[in-house]
Amino acid sequence: MKYIYVMQDEQFYFKIGFSKNPLNRLKTLQQKEHKQIKLLCAWECSDVNYVERSIHSWFVDRRITGEWFNLTTNDLLFIHLYFDKDLDAKATELFTRSDTDIEAHNKVLEILTQKAKYEIVLAERYKNLARSI
C-alpha cells in the first residue's frame, strides 16, 4: 500500500507527495535537503498518482517548486478533511447516542464543526480557482 503524505520544512513550506514508506522518505529528504523536515500526516491511498495530482492542482497558485507549497492552515485543513470521508457516518452513529451521552454529544458537535469548516474551505478554494481561470 502507498501513502499520500504532507511534510513541513523549517521555512514552513509543505511537501505533498506519496511513498510506500513515508518515514523512510522523510529520512531521505532530510539528508538530501540538509534541513529539518517533519512528517505531519500520511494517509493510506489506493490511487496515489491521481490523488497527488489532484491535490497539487488545487494548490497550483501556492507552489514554490516541485512538490513544495506555501500552504495556509485552511489549505492543510482542506487536505486533512478530504481524506476523512466518514464524517457523516461518524456523526450519524454518535447522534443516536447524543441524547444520553454527553461525550457523544460533544463529539457530534466537533464532527459537524469539522464538516462546516471543510465546506467553507472547499467553497473558498473553488472561488479562488474560478478567479484564476
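Visitor: Which residue stands opposite Trp 68 in β5?
Guide: Lys 15 does. This is a predicted model, where local features need pLDDT of at least 70 and side-chain atom pairs count only at pLDDT 80 or more, while totals for chains, interfaces and linings use all residues. Residues are numbered from 1 along each chain as its sequence is written, and side-chain values use heavy atoms, without hydrogens and water.

Visitor: How many bridges join β2 to β5?
Guide: Two, between residues 14-19 and residues 68-69, and the strands run antiparallel. Strands pair if DSSP finds at least two bridges between them; a strand is a DSSP run of E, at least two residues, and a helix one of H or I, at least four, numbered from the N terminus.

Visitor: What is the order of the whole sheet?
Guide: The open sheet has five strands, β3-β1-β2-β5-β4, with antiparallel pairing. β3 (37-45) and β4 (63-65) each have a single partner strand, so one side of each has no neighbour in the sheet.

Visitor: New topic. How many disulfides are there?
Guide: Zero in the whole structure, counting cysteine sulfur atoms within 2.5 Å as a disulfide.

Visitor: Is Cys 45 buried or exposed?
Guide: Cys 45 is buried, at 10% relative accessible area, whereas Cys 41 is partly exposed at 25%. Buried means under 20%, exposed over 50%, partly exposed in between, with a 1.4 Å probe and protein chains only.

Visitor: Where is confidence lowest?
Guide: In helix α4 (residues 87-95), with a mean pLDDT of 51, while β5 is highest at 97. pLDDT is the predictor's confidence in each residue, from 0 to 100. Where it is low, the predicted coordinates should not be read in detail.
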